[in-house]
Amino acid sequence: MTRLLMAGLAGLLLMTAARGQEGGAPVKIGVAAPMTGPNAAFGAQIRNGVSQAVEDLNRAGTLKGTTLTVTVGDDASDPKQGVSVANKFASDGVKMVVGDYNSGVTIPASDVYLDAGIIQVTPASTSVKFTERGMWNTFRTCSRDDQQGAVAGSYLAAHFPGKKIAFVHDKTPYGKGLADETLKTFRAKGGKEVLFEGINPGEKDYAALVSKLKSANVDVVYFGGVHTEAGLIIRQMRDQGLTARMMSGDAIPDKEFVQIAGPGAAGTLMTFAPDARKNPNARGVVAAFNARGIDPEAYTLYAYAAVQVLAKAMAETGSSDGRALADWLHQGKPVDTVVGPIAYDRKGDLTRPDYVIYEWTKGPDGRIDYAGHEVAP
């Protein structure tokens, strides 16, 4: 009788684990992103995307009795604070994390999540290093800097032959990594830069840099960094009479960029993923955001998709265990999301990366925006 009872209890425990806490305590999903500091606008995008996705999943009963609850951690774009957030999430029983935004924060935080058995999906960190370390817990819904740099470098070589092009970066894993990858392709296509310069992020005065750019008589400035510094550099270039165009990457697609740069933002080129707001799969979600007065721009829907990916893995495995979810995602089975089908390779990278080149353009209403302004590759 005792053996039968023990066997029955073991079976019951297995069934409960397989059902992923069905009917039990909510499963905690963490949002790690900059809620304060220079990149708070992007942190808000990530928080909005996750919150809306969790609300929609819970309302629809997608996980059959299991509910998700969101806890937010402010990394302030600082690596040490990102690690602190990760440690708090681990101690609070967070099972999965969407974030961080900055690659320089995402990478050290991922080591904490690995030790805690927490799966991490970033909607924004593109550093090659993030998924190249052989860790089981790292995924993203965006592509990588080597893929983005190949698109940008090819465009510069093809569209600005004979022009004087400077490369500037913010010395971060993201900014320098993207500039390095873009320059690598640019050189491979026969281009030769006139300047390769690093700046200190967070500074307000880039007069010395602008003077160097003017002395080199540059036609184009490729910038690896985020929207705050990109905007300041453009504004100060225009103030000093330098009309060179800027090209940058996927860290400037927020309306704050134009607010900082001013009218000089018009004409700026940018690599970013296809505009998810146009995806038919996102129509209802976009409408829900708009009803709340939120424009789901840039990373909002990529954060929403990160939750969809995790929820699909939970539904398929019947578990909220990070390793179980990662093992299922590594099989490469496609998941339908608001940004289109997502499938992963063994590293946690997308199997079908995609980048588009946009131009920030001034419309008839005087507003400068990139939406709807894709340019030929």
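Domain bounds are those of an automatic or database domain assignment. A pocket is, on a 1 Å grid over the protein atoms alone, an open set of points with protein on both sides within 12 Å along at least five of seven lines, and its lining residues have an atom within 4 Å of a point. The structure is a predicted model, in which local features need pLDDT of at least 70 and side-chain atom pairs count only at pLDDT 80 or more, whereas totals for chains, interfaces and linings use all residues. Residues are numbered from 1 along each chain as its sequence is written, and side-chain values use heavy atoms, with hydrogens and water left out.

The second largest pocket has a lining that takes at least three residues from each of domain 1 (27-143 + 278-342) and domain 2 (146-272 + 356-375). Its volume is about 270 Å³, a volume being the space filled by probe spheres set on grid points that are joined across faces, edges and corners. Asn39, Ser77, Asn102, Thr172 and Pro201 are the closest to the centre of this pocket among the 16 residues that line it. Two or more residues of the lining come from each of the elements H4 and H6, where helices (H or I, at least four residues) and strands (E, at least two) are DSSP runs numbered from the N terminus. Helix H4 gives the most, with three residues. By class, the lining of the second largest pocket comprises seven nonpolar, seven polar and two charged residues; Ala, Val, Leu, Ile, Met, Phe, Trp, Tyr, Cys and Pro count as nonpolar, Asp, Glu, Lys and Arg as charged, and the others, Gly among them, as polar.

The lining of the largest pocket consists of 16 nonpolar, five polar and six charged residues. Domain 1 (27-143 + 278-342) and domain 2 (146-272 + 356-375) each give at least three residues to the lining of the largest pocket.

Two cavities of 30 Å³ or more are present, a cavity being a set of grid points where a 1.4 Å probe fits but cannot get out. The largest cavity holds about 60 Å³ of space. Its lining is made up of Tyr101, Asn102, Ser103, Ala124, Ser125, Thr126, Tyr174, Val226, Asp250, Ala251 and Tyr299, and divides into six nonpolar, four polar and one charged residues. At least three of the residues lining the largest cavity come from each of domain 1 and domain 2. The second largest cavity, of about 40 Å³, is lined by Phe272, Asp275, Ala276, Arg277, Pro296, Glu297, Ala298, Leu301, Tyr302 and Tyr370. Seven nonpolar and three charged residues, with no polar ones, form the lining of the second largest cavity.

Twelve aromatic pairs occur in the structure. Rings of Phe, Tyr and Trp (its six-membered ring) pair if their centres lie within 6.5 Å, and planes under 30 degrees apart count as stacked, over 60 as edge-to-face and the rest as tilted. Phe42 and Tyr101 are stacked, at 4.8 Å centre to centre and with 10 degrees between the planes. This pair links distant parts of the chain, 59 residues apart: Phe42 lies in helix H2 (residues 40-60) and Tyr101 in the loop between strand S3 (96-99) and helix H4 (103-116). Phe42 is buried (under 20% relative accessible area, with exposed over 50% and partly exposed in between, for a 1.4 Å probe and protein chains only), at a relative accessible area of 0%. Tyr101 is also buried, at 5%. The rings of Phe167 and Phe186 have centres 5.5 Å apart and planes at 50 degrees, so this pair is tilted. Because Phe167 belongs to strand S6 (residues 165-169) and Phe186 to helix H6 (residues 173-188), the pair ties together parts that are 19 residues apart in sequence. Both Phe167 and Phe186 are buried. One aromatic cluster is formed by Phe42, Tyr101, Phe272, Tyr299 and Tyr302.

In helix H7 (residues 207-215), the buried residues are Leu209, Val210 and Leu213. These buried residues fall within an arc of 95 degrees when seen down the axis of H7, so they line one face of the helix; the arc is that of the directions from the helix axis to the C-beta atoms. The exposed residues Ala208 and Ser215 are carried on the face of H7 turned away from its buried side.
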